[in-house]
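The model comes first, then a walk through the interface.

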Amino acid sequence: MTLLKKTLLGAAFATAAVPAIAQEDTIKVGVLHSLSGTMAISETTLKDTVLMMIDEQNAKGGLLGKQLEAVVVDPASDWPLFAEKARELLTVQDVDVIFGCWTSVSRKSVLPVIEELNGLLFYPVQYEGEESSKNVFYTGAAPNQQAIPATDYFLEELGVEKFALLGTDYVYPRTTNNILESYLKDKGIPEEDIFVNYTPFGHSDWSKIVSDVVALGADGKQVGVISTINGDANIGFYKELAAAGVSADDIPVVAFSVGEEELSGLDTTNLVGHLAAWNYFQSAESDLNDEFVAKWKDRMGEDRVTNDPMEATVIGFNLWTQAVEEAGTTDVDAVSEAIIGMETPNLTGGTATMLPNHHLSKPVLIGEITADGQFDIISQTEEVPGDAWTDYLPESAVLKSDWAELGCGMYNTETESCVQLKSNY
């Protein structure tokens, strides 16, 4: 027998002796969240959430007769690395779906890759809108489900007359604040009463900025801070507020990226009364939420908390599994078609529905920070349909996203034509 034949024969026996490779026996679920770097404070919990959901699904028998297999990668809060890791998940690991990203800059980095390779991303964090991709399902809040209602609360309930829009320097805060500036001006707030400031990721010296915010109210008008500060920079910001003696009664802050997880690392004594706007809080009163919180703490430890992006992850995961079962396949196009119109319970006692624009219907909650790092829910709406394109920017007000009937994420209602989305990122 020749050496070549012996080699081939040996390889054949080796293959026969080993169970079929994981790719054939399992459905692979990509997990694309930062486990190191500035965003690890927020994203590690979402990785843990996906793993919990996978374990629960496998305990129920998996999907389509197969077990789910998590493929976890760490893009390390490095935005270009998100694209590389997404490509690795789709081409090397051959995952069927990806749950991941937190910042919009990471999502924008991933977007061309998943569109090129026809991947499927469930994105679980509030964002600035102004996007709709056939390859992305946005399970976090659009601006009309968080930023606009929070601003209305400041205007109508707290009588805020001057606004400090403080954000981390990347696409989500800049686009959101652009929308809010336009909205505030429409509401009669003059431009000179709107202070906008951006800081880099991980920013730590907040003394000058807090001083500027305090000075904004020197004329006696009520000042409010709308915060799109992201990641661990929030720690320094709130510490400086406390050091400056600024309470929620003096200058209320409403945050869009601070939840229970971020507060768990802070002394919240001086933060009591400041606000956050989300679609879920751990303190939400429902039987389903009680069950979810108990399962999470049993798995992760009593000190671990739940938060809004976790609920968005759970909703996205449950809708994906429903769509796979309905389609009878993990094929991206078939799943994307099946998922439109599907419903699943949210954790606040209502129902989440996947809309034709790949966004969800979600309630809007305003919560006050309490001394134990939780939130007292002081305002809650019925489910609000998410808008991909805001009504408060002229160039966006004419756009519509409808992947079910129009097959377009950027349909111009004036020209009655579909614009190519690739120009949007």
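How many residue pairs are in polar contact between domain 1 and domain 2? The count is 17, with both residues of each pair at pLDDT 80 or more. Keep in mind that this is a predicted model.

The size of an interface is often given as the accessible area lost when the parts come together. Here, domain 1 and domain 2 bury about 2600 Å² between them, and 56% of that is on carbon and sulfur atoms. On the domain 1 side, Ile 41, Gln 126 and Glu 128 stand out: they supply 22% of the area domain 1 buries against domain 2, more than any other three residues.

In terms of contacts, 34 residues of domain 1 touch 28 residues of domain 2.

## Polar contacts, but no salt bridges

Alongside those 17 residue pairs in polar contact, the salt-bridge count between the domains is zero.

## The domain 1 side

Which elements give two or more residues to the side of domain 1 that touches domain 2? They are helices H3 (40-59), H5 (104-116), H11 (287-300) and H12 (308-327), plus strand S13 (361-362). H11 makes the largest contribution to this side, with four residues.

Sorted by class, this side of domain 1 has 14 nonpolar, 12 polar and eight charged residues.

Note on methods: Residues numbered from 1 in each chain as written. Predicted model: local features only at pLDDT ≥ 70, side-chain atom pairs only at ≥ 80, totals over all residues. Heavy atoms only, no water. Contact = heavy atoms within 4.5 Å. Buried area = accessible area lost by both parts, 1.4 Å probe. Salt bridge = Lys/Arg side-chain N within 4 Å of Asp/Glu carboxyl O. Polar contact = N/O pair within 3.5 Å; in protein donor to acceptor, adjacent residues only side chain to side chain. Nonpolar A, V, L, I, M, F, W, Y, C, P; charged D, E, K, R; others polar.
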